[in-house]
Amino acid sequence: MSVIRNVLIWDSGRTAAEYGDIAIDGAGNISAVTPPNEAAGETLFDGRGRALAMPGLVNAHTHVSMTLLRGLGEELPLMDWLRQRIFPVEDRLTAAHIRSGAELALLEMLSGGVTCFADMYFFMTEVAEATLRSGMRAALCRGLTGDDQSKLDENIALADEYDGREGRIAVQLGPHAPYTVPRDALKRIAAAARERNIGIHFHWLETKGELESFESEHKTAPVDYLEDAGLLDVRELILAHSVWFPTEELSRVKRDNVTLVHCPKSNLKLGSGYAPVKEMLDAGVNAALGTDGAASNNRLDMWDEMRTCALMHKGYRGDPTVVSARDVLRMATADGARGLGFRNVGLIRENYAADIAIVDIDRPQYVGLDEANAPEFIVYAGSSRDVAATIVSGRLLYKEGRFLTLDAEEIMRTASRHREEITKC
Ligand SMILES: [Zn+2]
């Protein structure tokens with residue numbers, strides 16, 4: 001038994017934060033939440049009344065290994081950016097590049113309190129192994145383009161090998177997007193996911209042009225297309241971006257197994273638009289938050305994502321009451337974890353996994369934080385720099401600048417070398 005002692009505890013199941021201890025059992029689950037300094041067991045972290053514990057942040061859409069591609073093709077339109085700068089470099093990436101890019105991302109995410117992420121890329125066994133080594137939790141898929149049976153077989157093999165591994169890995173099939181996967185292939189992918197009871201992770205309605213293609217090319221409405229392809233009935237359907245989701249159709253994706261992942265900063269940077277997040281929340285759709293890859297953000301910083309999300313919808317709507325700090329914190333924790341297929345993750349309560357971010361609130365920007373206003377302080381005043389520790393399944397993975405499962409120096413050295421390799425030719 002280990003204990004996170006004397007911290008201000010907040011999760012999206014509470015209206016107010018509360019001081020207490022979090023006791024964690026040998027399996028890495030929360031066994032009790034008690035008043036401060038009452039839980040018995042070895043101290044994992046002592047907050048001394050000056051730290052806040054919240055559920056670890058969930059980055060619900062990213063491409064971790066793209067950390068090696070950060071800064072390439074800045075300020076180009078999406079399709080030019082992909083075709084001129086990203087795809088040619090991606091063609092040169094090897095398994096070793098994927099590994100070091102992924103590890104670089106894990107360092108960045110762990111230092112910002114991220115405990116779980118959803119990733120779509122290739123050489124995904126490298127990402128799975130890096131995730132397992134790091135101690136983090138992830139939902140992984142192999143990005144699928146065209147009508148390519150060998151890639152689909154690779155994704156299925158990934159699922160056979162890793163889905164459910166150590167309770168920390170979930171595997172989805174990863175059809176890239178409606179504009180890169182033919183409809184017949186998409187139907188076969190969805191059928192394979194249903195047959196194996198795994199999920200699907202899909203880029204969806206990221207640009208206005210993509211929405212228009214449903215009328216001009218696919219000759220069907222977007223949600224009819226999802227339904228017709230059999231995507232709505234998979235174990236979990238993760239729809240990244242959903243910027244141009246038709247708001248009148250949102251009620252059709254209000255389902256336990258469907259999650260729309262809002263990526264505010266990637267959408268802003270690529271000029272893709274504003275996702276209808278207020279309407280998603282009003283419709284009761286499960287909505288999560290993601291950074292997208294480091295080549296289109298360029299941070300894997302969920303604090304930055306939360307703050308941007310809470311601000312941008314108020315700004316362009318001219319309404320400070322929409323998309324509250326509490327909404328975005330819930331999206332970035334409990335709703336993200338649920339969307340990625342992890343049950344009993346994302347809240348600080350008995351029988352939930354001890355996936356916890358600890359925030360140092362003994363800092364100038366937190367003077368005035370109390371039990372009632374903690375979520376608003378986190379979203380509007382806080383930043384990833386305030387993360388003191390990151391814990392997954394009861395295991396301390398990051399504490400005060402030190403990584404306990406990853407060799408940060410070696411990872412950065414290798415990643416720098418790989419970055420030169422892939423950008424030189
Ligand atoms: Zn993406």
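Is Glu 400 buried or exposed, going by its C-beta neighbours inside 10 Å? Select Glu 400 and take a look: it has 10 such neighbours, so Glu 400 counts as exposed. (A residue is buried with 20 or more other C-beta atoms within 10 Å of its own, exposed with 12 or fewer, and partly exposed in between; C-beta atoms are placed from the backbone.)

Before you click on, know that this is a predicted model, where local features need pLDDT of at least 70, side-chain atom pairs count only at pLDDT 80 or more, and totals for chains, interfaces and linings use all residues. Residue numbers start from 1 along each chain as its sequence is written.

**Stop 1**

(Helices, H or I with at least four residues, and strands, E with at least two, are DSSP runs numbered from the N terminus.) Its phi is near 45°, a positive value in a residue other than glycine. Most residues other than glycine have a negative phi, and most peptide bonds are trans.

Now pick Arg 48, in the loop between β4 (42-46) and β5 (51-55). Arg 48 also has a positive phi, about 45°, without being a glycine. It counts as exposed, because it has 12 C-beta neighbours inside 10 Å.

Next, select Asn 297 and Asn 298: a cis peptide bond joins them, with omega about 5°. Asn 298 sits in the loop between β13 (286-289) and α10 (302-317).

**Stop 2: the core**

Show Ile 22, Ala 53 and Leu 140, which have the most contacts inside the largest nonpolar core, a set of 138 residues. (Such a core is made of buried Ala, Val, Leu, Ile, Met, Phe, Trp, Tyr and Cys residues joined through C-beta atoms within 7 Å.) Helix α2 (residues 95-111) gives the largest share, eight residues. Domain 1 (2-56 + 353-403) and domain 2 (57-339) both contribute, so the core lies between them. (Those bounds come from an automatic or database domain assignment.)

Zoom in on Ile 22. Beyond its neighbours within four places in sequence, its contacts (C-beta atoms, placed from the backbone, within 7 Å) include Val 3, Ala 53 and Ile 356.

**Stop 3: two crossing helices**

Finally, colour α11 (residues 325-332) and α13 (residues 374-381): their axes come within 9 Å and cross at roughly 80°. (Axes are lines fitted to C-alpha atoms, for helices over the stretch in contact, and angles run from 0 to 180 degrees between N-to-C directions.) That makes α11 roughly perpendicular to α13, a label for angles of 65 to 115 degrees. Among the residues making the contact are Val 328 of α11 and Ile 378 of α13.

Methods
Angles under 35 degrees count as roughly parallel, over 145 as roughly antiparallel, 65 to 115 as roughly perpendicular and the rest as oblique. Two residues are in contact if their C-beta atoms, placed from the backbone, lie within 7 Å.
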